[in-house]
Amino acid sequence: MYALPLGDDARLAPLEPWHAQEFLAHIDRARPLVDPWIPWATFSTDLASATAVLQRYADRQAADTGRIHGIWLDGVLVGGVMFPHFDAASGVCEIGCWLEEAGQGRGLVTRACRALIDWAFSERGMSRIEWVASTRNARSSAVARRLGMTREGVLRQRTPYRGERLHCEMWSLLAEERPLPEKAPDSGTDESDKAELDRLTTEFLGAFTNTGGRRPNVGVIREVFIPEGMIVSNVGGKPVVYDLDSFVEPRQRMLTDGTLTEFAEWEVGERTEIFGTVAHRFSEYRKTGVLNGERFEGTGHKTTQFVRTPDGWRMSSLAWDDVDRDV
């Protein structure tokens, strides 16, 4: 059986009917997290029903209309990704994911989804990949953002669940919008280093999010940077240099006083190079929000330097060129 390494002692591999017992045990652990969002989690309550779910996907794969893959961490099934719908004739497919708590915080779903996206575009020539998420499922929407997808709107009362109908967001990614490919680590590089740099980047970007009533935590920047860290805005070729305090305080205020609302920023592509105890990351990103009552969208680039300290990897400097708007 083939498997694709995801780093961090994790692998992606086909999830087949003979995995039913393992799949059921996993779903029992994950049920509190995934049951509201993944319909077949509701249906997998015993070995027979779990087998039936996997058999339906096996039948879809045979018909080239769907596929399902599992994510194993340290040899334990902790989640997966799937094509619920796959229409090669029209060039349109849908991708989805799920994960139990033991697999969270490692970037496994994002890496697994990128593998499926690359396969769909590169090997199968798909034109459009869709992502459908309940408006209540903030984690799913966050993954769509990290994958570089565009939110197209809300499908009202699209999905029935336990006597009510859930509103769903529609996200999509077109073939020409594919993000930068990740650079493979140099031989000898510990994949856990890359995972740690991914985590620091995610925490930095997530510190500004105030969508859906979420409270931003810009102060976390002091935790991901070394104390002497430097941040540079080079929008329009006019560098503005900040230390951590001068960067954090005005942004915390702007994100909590109503000036900037419904703000989110996410990476859509990156290349990372690690050289011993120093590292560099070049990122493409997108952002959305409402500034002084006016909705906006923006794109740009970031370059981030990291150093390994006795307490682990930390950011040492970051510079960005925000193409559309400086916030």
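**Exercise 1. Locate glycine 237 in this predicted model, and decide whether glycine 237 is buried or exposed.**

Solution. Glycine 237 sits in the loop between strand S9 (225–233) and strand S10 (240–242), where strands are DSSP runs of E of at least two residues, numbered from the N terminus. Its relative accessible area is 53%, and the classes are buried for under 20%, exposed for over 50% and partly exposed in between, with a 1.4 Å probe and protein chains only. Glycine 237 is therefore exposed.

Residues are numbered from 1 along each chain as its sequence is written. In this predicted model local features need pLDDT of at least 70, side-chain atom pairs count only at pLDDT 80 or more, and totals for chains, interfaces and linings use all residues, while side-chain values use heavy atoms, with hydrogens and water left out.

**Exercise 2. Describe how strand S13 pairs with strand S12 and with strand S14.**

Solution. Two strands pair if DSSP finds at least two bridges between them. Strand S12 (residues 278–291) and strand S13 (residues 294–309) are antiparallel, with 14 bridges, and phenylalanine 282 has threonine 303 in S13 as its bridge partner. On its other pairing, S13 runs antiparallel to S14 (residues 312–322) over ten bridges, with arginine 308 opposite tryptophan 313 in S14.

Technical notes. Helix = DSSP H or I, 4+ residues; strand = E, 2+ residues; numbered from the N terminus.
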